[in-house]
Amino acid sequence: ENSVTAEMMGANRWSFALQWLLAAAAAVAIFPSAFIAPRQGKQSSPTSSVLGASKPLSQSVSPLAEDEVQGSHLSFGLVLAAVALAGRSHCNAKAKSGIRCVALQATKQTTAQPTQKEEKQEKQELAKKSEVPSDLDWSQVSSQWEVDCFSRPINREGKKMWELMVTDANGVYRRVAQMKPTRVNSVVVQKLMTIFIEESKVKPQSIRFFRKVMKNMLIVALNAVKDTMPQYMEKCKIIPSRNCHMLRLWLSYREREVYPKMIGYTPPVKKKTTNVQASMVKMAYESLPERLRFSRYAISAVPLGALARVKPGQLPGSLARIPPGFSDNAQVYGILIMTSRADIICSTLRSMEMASVRVDLETDDLLLELDIDTTFKIDKIRGEEKEGYLKFERAKRQLGGLHFVAVHDIVTGGEPLLPIEADDMGPGEGCVTGLWTLIDYSLQDED
């Protein structure tokens, strides 16, 4: 009803304008002398106004010339009237049919399909992206993907270059797209992700990202990809998580080996913190939810080689990729949870993105971090125990943030053990019920 009313109002406005034009044309045709300045005899005037235009006159106008001017105005008026009548009848016909020429023109522009050449040019203009290696082994590509979109320490024309990085959890399928800072938005990210997914023979079942500041834009872009590619992405999970281990390793490599060699590289400024600022900010953390609470835990350590030999799937939990370059004899510190509710706690933690356990030295709280921005308080650290927690934090820093969380069922009894042999699948007497190897990236982000 609103569209019909708008059409009628538009038709009425056109009809009124054309009626006014018709009246003006008739006036010019019937009374041309009203539009010609009067002349007296053979006296010349400096200027003469004809239809509003000034024209210098160097000599007088004869009666014959004046008749010719009137005749030309009569002819002009008749032509103008004919045009006005034709326009009026055309507008009436369009108004009756409910169609306006402007709307038709707009429809043609919006429905025009781009050619294959234009689509290719549009993809090239989106960003400068890497190509898929011809010898890529698709059987090694994981369906768990990780994504990052952020600025890099490369200055171009006074602005930082942005990159969209995509990798699978095994680091086999990797794509990079360099983006102009003026074109960083969810629409461009959606188009680039669509290209990367279309060109991959292994489609993602989950996509993780770790930057809180990019959370909203990436969620919008990735949900749009799911909507436009339901045949590939209908069951794909979008997971905000700090557990982007392969992506962080790859990004660390590029920061050391790639960006410093690029034109326009500017070393990032190290963050500076002061004791005054740190002491003024006191975070208040929520306690563990009821389903995750436990009464006993201990700080423990195991050799790195023992953790490395645990096979994926042997125990409930998740195993982070162990950073390279460390000895098997290095001691990895972690938290051993001892509870009679081991199965319930393991099941709950498996449904969450457990990221790390860390100590807040300002508040003396032991914290459990989940997903991308959730933190719970495990316990308050007492003064006489603080040295043990400091040792835990120092060990994490020496191993690139590597640590573990193990859940042990105290009902089974025995000393907690890790199933380090291939045929020892657990559970058994003393065997831990669940195991998570984690990396605390907050230590790297502070550097």
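I began with contacts: of those in the protein with a separation of 6 or more, 72% join residues 24 or more positions apart. The model I am reading is predicted. I then looked up the secondary structure and found 13 helices and 17 strands. Of the 447 residues in the protein, 38% are buried.

**Entry: the largest nonpolar core**

I looked up the largest nonpolar core, which has 33 residues. Which members touch the most others? I noted Cys149, Leu164, Met179, Val189, Met193, Phe196 and Ile207. Next I checked which elements supply at least two residues each. The strands are β4 (144-156), β5 (159-168), β6 (174-179) and β7 (206-209). The helices are α5 (186-198) and α6 (215-228). Helix α5 gives the largest share of this core, seven residues.

I found another core apart from the largest one. This other core has 28 residues, including Tyr297, Leu349, Met354 and Phe392.

**Entry: Met233**

I went on to Met233, in helix α7 (residues 230-233). Is Met233 buried or exposed? Its relative accessibility is 1%, so I logged Met233 as buried. I set aside neighbours within four places in sequence and listed its contacts: Ile197, Pro204, Ile207, Val225 and Lys226.

**Entry: aromatic pairs**

I searched the whole structure for aromatic pairs and got four. I wrote up two of them.

Trp138 and Tyr173 came up with ring centres 5.4 Å apart. Their planes stand at 40°, so I put the pair down as tilted. Where do the two residues sit? Trp138 is in the loop between β3 (128-129) and β4, and Tyr173 is in the loop between β5 and β6. They are 35 residues apart, and the pair links distant parts of the chain. Trp138 counts as buried at 17% relative accessibility. Tyr173 is buried as well, with a relative accessible area of 0%.

Phe150 and Trp162 make another tilted pair. I noted 5.6 Å centre to centre and 55° between the planes. Phe150 lies in strand β4 and Trp162 in strand β5, twelve residues apart. This pair, too, links distant parts of the chain. Phe150 is partly exposed, with a relative accessible area of 24%. Trp162 counts as buried at 18%.

I also looked for a cluster. Trp138 and Tyr173 belong to one aromatic cluster with Trp145.

**Entry: Asp409**

My last stop was Asp409, in strand β16 (residues 402-409). Asp409 is buried, yet I found no salt bridge for it. How far away is the nearest side chain of opposite charge? That side chain is Arg296, at 9.8 Å. I then checked the backbone of Val411. Its nitrogen lies 3.0 Å from a polar atom of the Asp409 side chain. Beyond neighbours within four places in sequence, Asp409 is in contact with Thr339, Ser340, Ala342 and Thr433.

Key
Residues are numbered from 1 along each chain as its sequence is written. This is a predicted model: local features need pLDDT of at least 70, side-chain atom pairs count only at pLDDT 80 or more; totals for chains, interfaces and linings use all residues. Side-chain values use heavy atoms; hydrogens and water are left out. Helices (H or I, at least four residues) and strands (E, at least two) are DSSP runs, numbered from the N terminus. Buried means under 20% relative accessible area, exposed over 50%, partly exposed in between (1.4 Å probe, protein chains only). Lys and Arg count as positive and Asp and Glu as negative; His and the chain ends are not counted. A salt bridge is a side-chain nitrogen of Lys or Arg within 4 Å of a carboxyl oxygen of Asp or Glu. A polar contact is a pair of N or O atoms within 3.5 Å; within protein, one must be able to donate a hydrogen and the other to accept it, and residues adjacent in sequence count only if both atoms are side-chain atoms. Contact means heavy atoms within 4.5 Å. A nonpolar core is a set of buried Ala, Val, Leu, Ile, Met, Phe, Trp, Tyr and Cys residues joined through side-chain atoms within 4.5 Å. Rings of Phe, Tyr and Trp (its six-membered ring) pair if their centres lie within 6.5 Å; planes under 30 degrees apart count as stacked, over 60 as edge-to-face and the rest as tilted.
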